[in-house]
Amino acid sequence: PLYSSAASDVYKRQAAAQPDDAARRVGGLYRSFMDTDRVAALGWSPLIEDLRRIGAVATPSDIVRTMAHQQRHGTGGLVGVYVSPDAGDPDHEIAYVSQSGLGLPDEEYYRADQHAAVREAYQAYLARMLELAAPALAEAGLDLGEEVPARVMALETAIAAVHWDKIATRDAVKSYTRLTRVELEATSPGWDWPAWLAGLQASPDAIARVVVRQPDTLTAISGLLTSAALADWQAWLTVRLLNGFASYLTDEVVETHFDFYGRTLSGTPQLRERWKRAVGLVEGLLGEDAGRMYVARGRPRERHSSRNSSDRIGFVVEPGQLVPSSWALREPPRAEDPTGHHPAGHDSARHDPAGHDPTRDDTAGGPPAPHPVGAALGIGARHDPAGEHATDGPRAPDPAAEQPARDSAAVDHLR
């Protein structure tokens with residue numbers, strides 16, 4: 001990314017001028033992320049409705065539906081999905097389904113003695129995050145019970161136990177299994193695919209044919225949906241939600257998240273300045289708009305963001321699904337706004353395509369128009385054919401990371 005003061009100056013000017021739709025998107029996103037007063041005022045409130053949804057989970061189908069809803073809005077799920085040319089039929093594109101669902105980099109971290117200290121630090125991190133989120137959990141009426149970090153760790157350890165290791169995952173032949181919808185459902189008894197599609201708001205055609213990269217893992221995970229305790233799945237969904245949006249919340253939450261994922265896991269000693277994180281976020285999500293603006297001002301283009309084609313097979317980028325901060329920093333409806341945007345934290349403020357004005361001048365007041373910023377999951381799952389890194393994180397570039405965070409299943413794009 002163009003982490004430079006020159007790029008920051010360009011985006012600041014667009015935040016003030018905003019002469020066209022692209023500049024409004026770029027300037028609005030930049031200004032929204034930089035509005036620390038608004039972030040502090042909102043606190044955890046944008047996540048309350050999602051926490052209530054988790055509290056209402058009562059069946060394995062609810063788990064899958066809620067997980068998919070969260071994936072659409074930027075968190076990690078049990079599987080990651082991305083769109084790519086079919087390795088067995090390169091003239092056609094297909095959805096790839098890959099293992100995911102872990103908060104640590106890969107399955108080895110859950111079993112190897114050399115990572116014991118990291119496992120302890122991870123549970124301490126979860127405990128601290130849940131402590132910070134306690135008022136939000138109480139407001140949502142979500143009681144996760146006792147020893148939540150240990151229970152989440154135990155569930156993730158069970159998930160990791162059926163994951164392929166890095167070497168197997170990188171095997172292009174072994175990790176290619178193309179299935180029809182009927183074959184997919186037979187491979188994953190217990191996984192309610194219609195519920196998953198509904199939560200993701202994806203067309204049924206999206207999984208008419210898929211490539212499942214680790215079919216036996218999918219079978220085993222589907223079994224866990226019914227064998228693991230419902231309360232443990234609620235705790236896991238909560239952790240994925242908090243973890244996925246931590247980088248966009250208050251300074252204390254951002255620092256807590258960075259302390260583990262930046263310092264402990266990555267060895268990065270210091271969080272980047274906020275303006276650098278804002279530049280990285282803009283260029284990760286609106287790279288084409290930002291690149292055109294940067295070049296138009298006579299500066300060399302150092303990066304090109306290619307468009308994805310996820311909408312062609314049923315995964316559609318809708319208004320309001322662009323980036324966590326685009327809804328986390330929303331303002332209440334303005335008197336002159338005929339579309340009547342909902343205030344932050346209101347569910348329809350995030351996925352009401354009919355209620356958004358694509359010319360809105362800032363992401364706090366309303367999300368930008370649809371933009372092809374990622375693959376498959378609304379705010380994007382980036383294409384990672386290797387798919388070896390299973391750590392969940394924002395489905396958008398993590399602004400706290402030195403580089404956009406690699407994320408589960410192909411994600412690695414999006415946490």
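Helix 8 and helix 13 are roughly perpendicular to each other, a term that covers angles of 65 to 115 degrees, whereas angles under 35 degrees count as roughly parallel, over 145 as roughly antiparallel and the rest as oblique. The axes of helix 8 (residues 148-161) and helix 13 (residues 230-245) come within 9 Å and cross at roughly 95°. Axes are lines fitted to C-alpha atoms, for helices over the stretch in contact, with angles running from 0 to 180 degrees between N-to-C directions. Helix 8 contributes Val148, Arg151, Val152, Leu155, Glu156 and Ile159 to the contact, and helix 13 contributes Ala231, Asp232, Trp233, Ala235, Trp236, Val239 and Arg240; contact means heavy atoms within 4.5 Å.

The model is predicted: local features need pLDDT of at least 70 and side-chain atom pairs count only at pLDDT 80 or more, while totals for chains, interfaces and linings use all residues. Residues are numbered from 1 along each chain as its sequence is written, and side-chain values use heavy atoms, with hydrogens and water left out. Helices (H or I, at least four residues) and strands (E, at least two) are DSSP runs, numbered from the N terminus.

Helix 12 comprises the 13 residues 215-227. At 1.5 Å times one less than its number of residues, helix 12 should span 18 Å, which agrees with the 19 Å between its end C-alpha atoms. Buried in this helix are Pro215, Thr217, Leu218, Ile221, Ser222, Leu224 and Leu225, where buried means under 20% relative accessible area, exposed over 50% and partly exposed in between (1.4 Å probe, protein chains only). Seen down the axis of helix 12, the buried residues fall within an arc of 165°, so they line one face of the helix; the arc is that of the directions from the helix axis to the C-beta atoms. On the other side of helix 12, Thr226 and Ser227 are exposed.

Four strands make an open sheet in the order 1-2-4-3, with mixed pairing; two strands pair if DSSP finds at least two bridges between them. Strand 1 and strand 3 (177-180) are the edge strands, each pairing on one side only. From one strand to the next, the twist averages 35°.

Strand 1 and strand 2 form a hairpin with two residues between them. They run antiparallel and are joined by eight bridges, and Asp86 stands opposite Asp89 in strand 2. Seven of the eight residues of strand 1 (residues 79-86) are buried, so this strand is largely enclosed by the rest of the structure. Strand 2 and strand 4 (residues 209-212), by contrast, run parallel and are joined by three bridges, with Tyr96 opposite Val211 in strand 4.
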